[in-house]
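Welcome, and thanks for taking a look at this one with me.

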Amino acid sequence: TAPGPRSYTTLRDEAVKLFNSLQQLESERDPVPLMQGVLQTCLDLPPLVDEIYCQLVKQTTEPLAPGGQGDLHYWQLLTCMSCTFLPSPPVLRFLRFHLDRTENRFPASEMAKYACFIREALGKTKGRECVPSLEEILVLMQRQEMICTVHCPGAPACSVAISSHTTAEEVAQELVSRLGLSQSPNLFALYEQSRRREQPVGSATLLADVLTRFE
C-alpha cells in the first residue's frame, strides 16, 4: 500500500532518523522501501528537504568507492528527490555545482549519468502531491520512464510512456493524436476509476501521482 499518515516528533529528531536511514541505505539490499520512507518524511515535513539534499551531496562527494553499490544508492535517492522536491535556491545552486563537478571528474560514469538526469529533472519539477510509487522509484533508479496503460472507450487499451513530470493533459493530447481524433470537436480528458468512484483527472495533474494513489 502507499505510505499512510505518520506521527512525527521534533524536526531535530526526525532529521536524526533520516540521517540514520541514509547510513542504512548504503548497505541495504532492497533500498526501494527505505527510499520511499525518506521521501514520505520529506513530503510530510518540508523543512527537511534541504537537509536531505545536503546530506546526499555530502555522501556522494569523495565516496570511498565511487560507482559502488552504496554510492549509487545515494545517487538513486538523489534522483528520486529531484523528481519530487525542489530545494531552496541556495541549496539548488550548491547541488548544481555538485552535479557539474561530478560530471567533470567522472565523465561517462554512472554517477555522471545520474547527475545529468538530475539536472534535467530539476528543470521540470514543480512539486508532488504524493511521493513516487515503488514502481516509479524502480524506474527512476534505472533512469527510465514508466509505462501507463490507458483504457479508451471503443478502442484498444493504449500504453503510454510517462515520466515523473508528465501531466494528464499531455497524455490526453497524445492519445487524441494516436486515435486520429485531432479534428474532433469533442473535448477529451482522462478519468481515474476505482471500485468506489470514477472521477476526471485534472489537466495539470501528474500521472505519477495518480499511479501512486492506485499503488
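1. Which residues form a nonpolar patch on the surface? Please keep in mind that this is a predicted model. The patch is made of Leu179, Leu181 and Phe188, which together have about 220 Å² of accessible area. Leu179 sits in the loop between helix H8 (168–178) and strand S3 (191–193). With a relative accessible area of 35%, Leu179 is partly exposed.

2. Next, the annotation. The UniProt record, an unreviewed entry, places the feature "domain: Ras-associating" at residues 144–215. That span is 26% helix and 22% strand, and its end C-alpha atoms lie 19 Å apart.

3. Now to the largest pocket, which holds about 680 Å³ of space. It is lined by 23 residues, and the closest to its centre are Val150, His151, Ala189, Leu190 and Tyr191. Strand S1 (146–150), H8, S3 and helix H9 (207–214) each supply at least two residues of the lining. H9 gives the most, with four residues.

4. You will find Glu62 in the loop between helix H3 (48–59) and helix H4 (69–82). Its relative accessibility is 55%, so Glu62 counts as exposed. Glu62 also forms a salt bridge with Arg105, with the closest N and O atoms 3.0 Å apart. Because Arg105 belongs to helix H5 (residues 89–105) while Glu62 is in the loop between H3 and H4, the pair ties together parts that are 43 residues apart in sequence. Arg105 counts as partly exposed, at 46% relative accessibility.

5. Arg143 is another non-glycine residue with a positive phi of about 55°. Arg143 forms a salt bridge with Glu110, and the closest N and O atoms are 3.2 Å apart. The pair links distant parts of the chain, with Glu110 in helix H6 (residues 110–122) and Arg143 in the loop between H7 and S1, 33 residues apart. Both partners are partly exposed: Glu110 at 32% relative accessibility and Arg143 at 24%.

6. Finally, the other salt bridges. The structure holds 11 salt bridges. One of them joins Glu192 and Arg213, whose closest N and O atoms are 2.9 Å apart. Glu192 lies in strand S3 and Arg213 in helix H9, so this pair ties together parts 21 residues apart in sequence. Is Glu192 buried or exposed? At 9% relative accessibility, Glu192 counts as buried, whereas Arg213, at 35%, is partly exposed. Elsewhere, a network of salt bridges links Asp100, Glu103 and Arg119.

How values were computed: Residues are numbered from 1 along each chain as its sequence is written. This is a predicted model: local features need pLDDT of at least 70, side-chain atom pairs count only at pLDDT 80 or more; totals for chains, interfaces and linings use all residues. Side-chain values use heavy atoms; hydrogens and water are left out. UniProt positions are given in the numbering used here, feature names are shortened, and annotations may be inferred rather than shown by experiment. Patches are made of residues with over 30% relative accessible area and no salt bridge: like charges are joined within 9 Å, nonpolar side chains (Val, Leu, Ile, Met, Phe, Trp, Tyr) within 5 Å. Accessible areas come from the Shrake-Rupley method with a 1.4 Å probe; for residues, only the protein chains shown count as cover. A salt bridge is a side-chain nitrogen of Lys or Arg within 4 Å of a carboxyl oxygen of Asp or Glu. Buried means under 20% relative accessible area, exposed over 50%, partly exposed in between (1.4 Å probe, protein chains only). On a 1 Å grid over the protein atoms alone, a cavity is a set of points where a 1.4 Å probe fits but cannot get out, and a pocket is an open set with protein on both sides within 12 Å along at least five of seven lines; lining residues have an atom within 4 Å of a point. Grid points are joined across faces, edges and corners, and a volume is the space filled by probe spheres set on the points.
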